[in-house]
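Hello,

Here is the structure I promised to hand over. My notes follow directly below it.

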Amino acid sequence: MDNKQEIIERLRKEYADVKSALVYENPYELLVATILAAQCTDVRVNIVTKDLFKRYPSPKELAEADLAELESYIKTCGLYKNKAKNLIACAQRIMSEYGGQVPHTMEELTTLAGVGRKTANVVMAFAFGLPAFAVDTHVKRVSNRIGFANSDNPDKVEEQVTKIFRKEDWAQAHHWLIWHGRRVCKAQKPLCDTCCIADLCPYNNK
DNA sequence: ATCCCGAGGG
DNA sequence: CCCTCTGGAT
């Protein structure tokens, strides 16, 4: 078993129980929550969406939302002017082009305002169970440190990492890398002393 | 001061 | 490649 496969098995074991911090019932809620999550913590998103989805339970209500009112709901998530405008445009397009249903392909999802490659991959993987791999800042940082990727470009990281993990592991691998990045392989003082793959990691051994 | 489960535009 | 958008947590 080569080095990378051993790293994968250790991550699988270490984070066997973890799942997304953004757990939502349907594609609409996951899509909105993921848009709100840009440059914002998952904890803050979960607080905001509790009230948000009472007021806007489906794309229909969100498409008819008043901009200023929507902004007041999501203000604490940051980047709120962009997000509020995008959310309304996004919901309007879901109503007019997709019959009120969130689409499930990369091409369709990325035509929605505020939805880029990362958000589209999250929706495909976790709302529709499709083989997709989303790269966020944690995934990018950890992948580069452990030698699974060699780029600052998220699209390039996605391309490189998806070749290393088996397709059936993509959804879980996304969470392994996120949780490893948050708990251990942190941006600022990574906890290499207690890391489960420290002996195999190029970043720790350089 | 730095980062957070980014996207869009130049 | 660069920049801007943004409040909150540490």
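**Contacts with DNA strand B**

In this predicted model, α11 gives the most to the surface near DNA strand B, with four residues. A residue is near a strand if one of its heavy atoms lies within 4 Å of it. Helices here are DSSP runs of H or I with at least four residues, strands are runs of E with at least two, and both are numbered from the N terminus.

Two notes on conventions. Residues are numbered from 1 along each chain as its sequence is written, while chains are lettered from A and ligands numbered from 1 in the order in which they are written. Local features need pLDDT of at least 70, side-chain atom pairs count only at pLDDT 80 or more, and totals for chains, interfaces and linings use all residues; side-chain values use heavy atoms, with hydrogens and water left out.

Helices α8 (117–126), α9 (137–145) and α11 (170–183) each supply at least two residues of the surface near it. There are 28 residues around DNA strand B, and A21, G114, T119, D136 and H138 come nearest. Of the atoms of DNA strand B that come within 4 Å of the protein, 67% belong to sugar and phosphate.

The surface near DNA strand B has 12 nonpolar, 10 polar and six charged residues. Nonpolar means Ala, Val, Leu, Ile, Met, Phe, Trp, Tyr, Cys and Pro; charged means Asp, Glu, Lys and Arg; the others, Gly among them, are polar.

Some polar contacts (pairs of N or O atoms within 3.5 Å) are worth a look:

- A backbone N or O atom of A21 is 2.5 Å from a base nitrogen of DNA strand B.
- An N or O atom in the side chain of S20 is 3.4 Å from a base nitrogen of DNA strand B.
- A backbone N or O atom of G116 is 3.0 Å from a phosphate oxygen of DNA strand B.

**Contacts with DNA strand C**

Around DNA strand C are Q39, C40, R44, K75, T76, G78, L79, K81 and N82. They divide into two nonpolar, four polar and three charged. Sugar or phosphate accounts for 60% of the atoms of DNA strand C within 4 Å of the protein, and bases for the rest.

The side chain of R44 has an N or O atom 2.6 Å from a phosphate oxygen of DNA strand C. K81 places a backbone N or O atom 3.0 Å from a phosphate oxygen of DNA strand C. A polar backbone atom of L79 is 2.9 Å from a base oxygen of DNA strand C.

Please check two backbone angles. Most residues other than glycine have a negative phi. L79 has a positive phi of about 50°, and phi of Q39 is near 55°. L79 is in the loop between α5 (67–74) and α6 (80–97). Q39 is in the loop between α2 (27–36) and α3 (42–55). Q39 is exposed at 69% relative accessibility, and L79 is partly exposed at 46%. Exposed is over 50% relative accessible area, buried under 20%, partly exposed in between (1.4 Å probe, protein chains only).

**Helix α11 and α1**

Helix α1 (residues 3–14) packs against α11 at about 80°, with their axes 10 Å apart. Axes are lines fitted to C-alpha atoms over the stretch in contact, and angles run from 0 to 180 degrees between N-to-C directions. That makes α1 roughly perpendicular to α11 (65 to 115 degrees). I8, L11 and R12 of α1 meet W176, L177 and H180 of α11; contact means heavy atoms within 4.5 Å.

H180 is buried, with a relative accessible area of 1%.

Best wishes

Terms used
A polar contact is a pair of N or O atoms within 3.5 Å; within protein, one must be able to donate a hydrogen and the other to accept it, and residues adjacent in sequence count only if both atoms are side-chain atoms. Angles under 35 degrees count as roughly parallel, over 145 as roughly antiparallel, 65 to 115 as roughly perpendicular and the rest as oblique.
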